[in-house]
Amino acid sequence: MATMNWRTINIDLLDPESPANFAISSLSPAAPPVSASEVQSLSSQIKQLLRGGDSEGALRGALENPPYGGDAAAKEVHLATVVEILQSIKQSEMSPMLSRIYDSEGGVEVLDVLMKYLYKGMAHSSKPSSASTGSMSPQPTGFSQIHSRGGGEGGGQAMSVLLSWHEKLVEIAGPGSIVRVMSDRRTV
């Protein structure tokens, strides 16, 4: 009895209901594996809708089928498709389109997926397909500049489009969408 110090026993390990015995992997639902070729074919179908003038159908098709179980390449292809769709939609069409999606069945989940893509697009450099090609340079302000100023087309324009969509999406879906996206373990 003298060899065991009762103060050092972790009683949480002995309790089956304890959070210490909780498997964190059970928090995220299992996503079926998706190959890059499947995402590429879906992307071509969605781009066909976009070329046909059905931008809302293309957006819904892209957001209803996110490749949660895909590898990094598949997710990059899908991100590029979503950003292309968002850039092709006029600013005057954003709010009515988001309202129609929000009011439809499963609309909240679709808009949450859109919010995930907006954040992922903002996290990337000017071109989503070349996320690691830019060089980072530390600035005296403490921030890092990822790509050169004014260099190339699309960098600032893409960010402007994503920020416009974010503003409209928060107006329609509310700040709860941000909280749901930040707490969801599934990534796009």
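Me: A crossing of two helices is left-handed if the near helix is turned anticlockwise from the far one by less than a right angle, and right-handed if clockwise. Which is the crossing of α5 and α7, left-handed or right-handed?

Reply: The crossing of α5 and α7 is right-handed. This is a predicted model, in which local features need pLDDT of at least 70 and side-chain atom pairs count only at pLDDT 80 or more, while totals for chains, interfaces and linings use all residues. Residues are numbered from 1 along each chain as its sequence is written, and side-chain values use heavy atoms, leaving out hydrogens and water.

Me: What do the helix names refer to, and how many helices and strands are there?

Reply: Helices (H or I, at least four residues) and strands (E, at least two) are DSSP runs, numbered from the N terminus. The protein chain has 7 helices and 2 strands, in the order α-α-α-α-α-β-β-α-α from the N terminus.

Me: At what angle do α5 and α7 cross?

Reply: Axes are lines fitted to C-alpha atoms, for helices over the stretch in contact, and angles run from 0 to 180 degrees between N-to-C directions. Here α5 (residues 107-123) and α7 (residues 176-183) have axes that come within 9 Å and cross at roughly 70°. That makes α5 roughly perpendicular to α7 (under 35 degrees is roughly parallel, over 145 roughly antiparallel, 65 to 115 roughly perpendicular, the rest oblique).

Me: Which residues make the contact?

Reply: Contact means heavy atoms within 4.5 Å. From α5 come V108, L111, D112, M115, K116 and Y119, and from α7 come S177, I178, R180, V181 and M182.

Me: And H166: is this residue buried or exposed?

Reply: Buried means under 20% relative accessible area, exposed over 50%, and partly exposed in between (1.4 Å probe, protein chains only). H166, in helix α6 (residues 155-173), counts as buried because its relative accessibility is 17%. Leaving aside neighbours within four places in sequence, H166 touches M115, L118, Y119, M122 and I178.

Me: How many residues of α2 are buried?

Reply: In α2, 8 of the 10 residues are buried, so this helix is largely enclosed by the rest of the structure. The buried ones are S55, E56, A58, L59, R60, G61, A62 and L63. E64, also in α2 (residues 55-64), is partly exposed at 44%.
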